[in-house]
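Trainee: Please take a close look at the ligand site. What surrounds the ligand, and what is the space around it like?

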Amino acid sequence: MWAISEDILSDELINEILDRANYLISSNDREKHVFVDKDFFSNNGDEPRNLDILNNIHKAVWSKISESFPYHEPVIDHAVLLFKEPGGVKTEWHQDRAYWATRDENASIFSVWIALEDITEERGALNLIKSNEVSMSEIGNFNNGKLIDHELIEDKKGGFPLLIEGGLIPKIESDKEVVNLKCGSAVLFDSFEPHMSRENSSNTPRLAMKIAYSEREDKDYFLISVSDLENK
Ligand SMILES: O=C(O)CCC(=O)C(=O)O
Ligand SMILES: [Fe+2]
């Protein structure tokens, strides 16, 4: 299931994020043009990175969702920049659950995908399943879906090798919604929601990010607990 939340981040906060990430956006070094940047937000020992900004993003997002969410001890499971580079390849249909089944046993991860600029289909907007859309007031009932069969495509370009089986795609495509987003708006989706994005056919990187929440339980891997982040 998924929902749209408009104007979740202010222009001011987005400018702050983009300023901090400018070394990636304006770099001529192709090596720096990573699609999924897992290091921009980090809490590794003595080198925490950008946690002040992450806290501001979290506060804005959490104020819209926390009341609907049943978490006992919420953590930020991960937070990444999703800067699909010009010409960056299509990300094919998958459920994130296929990747997370072992490290999130009771399926509690929930993702908030935020547009840091206006994002349309040609720049790599997300596509999700039209009939799975709910209103923001219904998102508390998340992660009740089923895992669809995936296949492992070893040499897949773009870093997403686990994909929904080819035979199931026509049915999925017949019920898809392209979610064009305004800068600062977000699509919220659970880990059973099938999604994909097309090639970025523009000549600038597609500027998006994701913050994913989860229940702490007995996890030994997550970015930071919500209470630690708020008390930094
Ligand atoms: O950002 C995209 O285009 C797709 C990313 C994705 O599949 C994910 O973050 O789970
Ligand atoms: Fe995904």
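**The ligand 1 site**

Mentor: Ligand 1 sits in the largest pocket, with more than half of its atoms within 2 Å of the pocket's grid points. A pocket is an open set of points on a 1 Å grid over the protein atoms alone, where a 1.4 Å probe fits and protein lies on both sides within 12 Å along at least five of seven lines; lining residues have an atom within 4 Å of a point. The model is predicted: local features need pLDDT of at least 70 and side-chain atom pairs 80 or more, while totals for chains, interfaces and linings use all residues. Residues are numbered from 1 along each chain, chains are lettered from A and ligands numbered from 1 in written order, and side-chain values use heavy atoms, without hydrogens or water.

Around ligand 1 stand F35, L82, H94, D96, W113, L126, F160, H195, S197, R206 and K210, each with a heavy atom within 4 Å. K210 places a polar atom 2.9 Å from a ligand 1 oxygen. H94 has a side-chain N or O atom 3.0 Å from an oxygen of ligand 1. For W113 the distance is also 3.0 Å. Alone, ligand 1 exposes 290 Å², and the protein buries 97% of that (Shrake-Rupley, 1.4 Å probe).

The largest pocket holds about 700 Å³, the space filled by probe spheres set on its points. Its lining has 33 residues, with V36, K38, H78, V80 and K210 nearest the centre.

Notes
Polar contact = N/O pair within 3.5 Å; in protein donor to acceptor, adjacent residues only side chain to side chain.
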